[in-house]
Amino acid sequence: MVSSKSYEKREVTHGNSWGAFAKIEVSELGTVTFGKPAIFTGLRSTSFETSQDSTPSYADNQEHVRLYGTENTEGTITVLQFPKQFVLDHLGRKETSNGMLINTGKYTSFAWQYIETVTDEFGNEFEELNIYYNVRANAPTNASQTDEESAEAKEFEIPVIATPNNGVVDEEGKPVTHARLRKTEANAALFDLAYEQVILPDTPIPVAKPVVGG
């Protein structure tokens, strides 16, 4: 007798590369668009945690109903360095005439994306794109220590909050905070496009143009 028991495909997710940020632009009519994603060299890790408060109401000596609040997504982006444009556009810094960066600039929201790797039990690897459509950063940590027999690279942690972007909605019109896309043969062209423009839930998969001549 053949057993009907079976495991789903075994896989693990690892890695953190190709971090990128993009400006969020809003027109006078309220239309939301994104700038071209810019690579964030020096990315160490991205960590987001989503929580949701729930409040029970009791009656008849039992839980009568439970109300759920909105999701809250917070985390950190850990880096070894900062692209200058990211600092000026999103980390509240302003550049003076002598090249100094001072903390009197503006914090503005941005789209954030990065790629993880998924490896299955047979050694096959797949890229997985993560996109957060509306991220707000706070001032990064700024600690230093002396070099000893071995020097350690300084890491900066940027506290971030991700919220829904009303300009990015699903088929029901609900604003989206986060999206994940695994690369397949069918959607591979989207991954090539992802660093030219921010991929939205309704972005069509580019169709390869036929080769003329040959």
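Analyst: Lys183 counts as partly exposed, because its relative accessibility is 27%. The classes are buried (under 20% relative accessible area), exposed (over 50%) and partly exposed (in between), with a 1.4 Å probe and protein chains only. The model is predicted, so local features require pLDDT of at least 70 and side-chain atom pairs pLDDT 80 or more, while totals for chains, interfaces and linings use all residues. Residues are numbered from 1 along each chain as its sequence is written, and side-chain values use heavy atoms, leaving out hydrogens and water.

User: With which side chain does Lys183 meet in a salt bridge?

Analyst: A salt bridge is a side-chain nitrogen of Lys or Arg within 4 Å of a carboxyl oxygen of Asp or Glu. Here the partner of Lys183 is Glu127, at 3.5 Å from N to O. The two residues are 56 apart and link distant parts of the chain: Glu127 belongs to strand S9, and Lys183 to the loop between strand S13 (178-182) and H2. Strands (E, at least two residues) and helices (H or I, at least four) are DSSP runs numbered from the N terminus. Glu127 is partly exposed as well, at 30% relative accessibility.

User: How many salt bridges does this rule give?

Analyst: The count is 9. One of them joins Lys36 to Glu196, with 3.5 Å between the closest N and O atoms. This pair ties together parts 160 residues apart in sequence, because Lys36 lies in the loop between strand S2 (32-34) and strand S3 (38-39), whereas Glu196 is in the segment after helix H2 (188-193). Lys36 is exposed at 53%, and Glu196 is partly exposed at 47%. Glu172 and Lys174 form a further bridge, their closest N and O atoms being 3.3 Å apart; Glu172 is exposed at 56% and Lys174 partly exposed at 48%. Salt bridges also connect Glu11, Glu128, Arg180 and Arg182 in a network.

User: Which residues form a negative surface patch?

Analyst: Patch members have over 30% relative accessible area and no salt bridge, and like charges are joined within 9 Å. In this model Asp147, Glu148, Glu149 and Glu152 make up such a negative patch. Glu149 sits in the loop between strand S9 (125-137) and strand S10 (156-162). With 88% relative accessibility, Glu149 is classed as exposed.

User: Which residues touch the most other members of the largest nonpolar core?

Analyst: In soluble globular proteins, nonpolar side chains tend to be buried together. A nonpolar core is a set of buried Ala, Val, Leu, Ile, Met, Phe, Trp, Tyr and Cys residues joined through side-chain atoms within 4.5 Å. The largest one has 19 residues, and those with the most contacts to other members are Trp112, Val135 and Ile158. At least two residues each come from strand S4 (43-59), strand S5 (62-79), helix H1 (84-90), strand S8 (110-120), S9 and S10. S10 gives the largest share, 4 residues.

User: What should be noted about the backbone of Trp18?

Analyst: Trp18 is not a glycine, yet its phi is positive, at about 55°. Trp18 is part of strand S1 (residues 11-26) and is exposed, with a relative accessible area of 52%.

User: Is Tyr195 buried or exposed?

Analyst: Tyr195 is buried, at 15% relative accessibility. Tyr195 lies in the segment after H2. The C-alpha atoms of Tyr195 and Phe21 are 9.6 Å apart, although 174 residues separate the two along the chain.

Conventions: Patch = residues over 30% accessible without salt bridge, like charges linked within 9 Å, V, L, I, M, F, W, Y side chains within 5 Å. Areas by Shrake-Rupley, 256 points an atom, 1.4 Å probe, with all protein chains shown as cover. Lys, Arg positive; Asp, Glu negative; His and termini not counted. Charge placed at Lys NZ, Arg CZ, Asp CG, Glu CD.
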